[in-house]
Amino acid sequence: MDAPATPDDDADTGAHPIYAHAPRSVEFNKLRKRLIRNTREALEKFAMVRPGEKWLIALSGGKDSYGLLALLLDLKWRGLLPVELLACNLDQGQPNFPKHILPEFLTGLGIEHRIEYQDTYSIVTDKLPQGATYCSLCSRLRRGNLYRIAREEGCTALVLGHHRDDSLETFFMNLFHGGKLAAMPPKLVNDEGDLEVLRPLIYCAEEDLQRFSDAMAFPIIPCDLCGSQDGLQRNVTKAMLTDMERAMPGRKDVMIRALGNINPSHMLDPRLFDFAGLSIKPKDA
């Protein structure tokens, strides 16, 4: 990628049409630059970009995916992201889904996109008993369809809007309930080995993305159309991290950096460190 942007890089470059009605305040500019800086750091640190490739941007209609799209379009507009972008929404057949919102939004801004209808909602409700949590199965079905669409469109990567807080929540859920240390990776290859999954927002705070979304006035589609249940383990973990951040501001940033600063010799996994081969040096005879 090109050299990192300086704070004044956007002074004369204009902006993508998605920013046409964005606030002109100093506060918003600082927020936007912080999100851009965090996104660029992830793109560069985890070697996500190969010039000339094509990315499928998963657009759900929530704040995170809108933010992802806007930030990537911003970077591309500045000439800092040399890949082709295709936004994609998968209409999963949830009751009362507002089908017109995303096509109108994307078409009005001239953003390349594909809207795909697959009634996975009926599959989920048929296979799971009433009152069960839909999210896991729904997510797997959605991911499979997005992989298929990416292949059909000649894309090399599926790009998702998971952020810092999503990764931390996953880490603590695995720690507390799975007995392992694992978070959301910023970059992975699918099981078939033909597509990458990228998370450029992995350093972006959910609070910043919420403020960004509110300021940009994105037409949000709520994720409660299928009757998403309260009290899920992720919600419990989110509340725990929120309380922790409130008591000790800045802890989330420290924790996300810790996930990239691992000392295998101070953990307990002999697959990562050769404890058997560790021994003291014999004293000189």
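I looked up strand β2 (residues 84–91) and found seven of its eight residues buried, so the strand is largely enclosed by the rest of the structure; buried means under 20% relative accessible area, exposed over 50% and partly exposed in between, with a 1.4 Å probe and protein chains only. Strands (E, at least two residues) and helices (H or I, at least four) are DSSP runs numbered from the N terminus. The model is predicted, so I kept in mind that local features need pLDDT of at least 70 and side-chain atom pairs pLDDT 80 or more, while totals for chains, interfaces and linings use all residues. Residues are numbered from 1 along each chain as its sequence is written, and side-chain values use heavy atoms, without hydrogens and water.

Next I checked the partners of β2, where two strands pair if DSSP finds at least two bridges between them. Strand β1 (residues 54–58) runs parallel to β2 and is joined to it by five bridges, with Lys54 opposite Glu84. Strand β3 (residues 113–117) also pairs with β2 in the parallel sense over five bridges, and there Asp91 stands opposite Tyr117.

I then turned to the rings of Phe, Tyr and Trp (its six-membered ring), which pair if their centres lie within 6.5 Å, planes under 30 degrees apart being stacked, over 60 edge-to-face and the rest tilted. I noted 10 aromatic pairs in the structure. Phe273 and Phe275 have ring centres 4.9 Å apart and planes at 70 degrees, so this pair is edge-to-face. Phe273 is partly exposed at 25% relative accessible area, and Phe275 is partly exposed at 30%.
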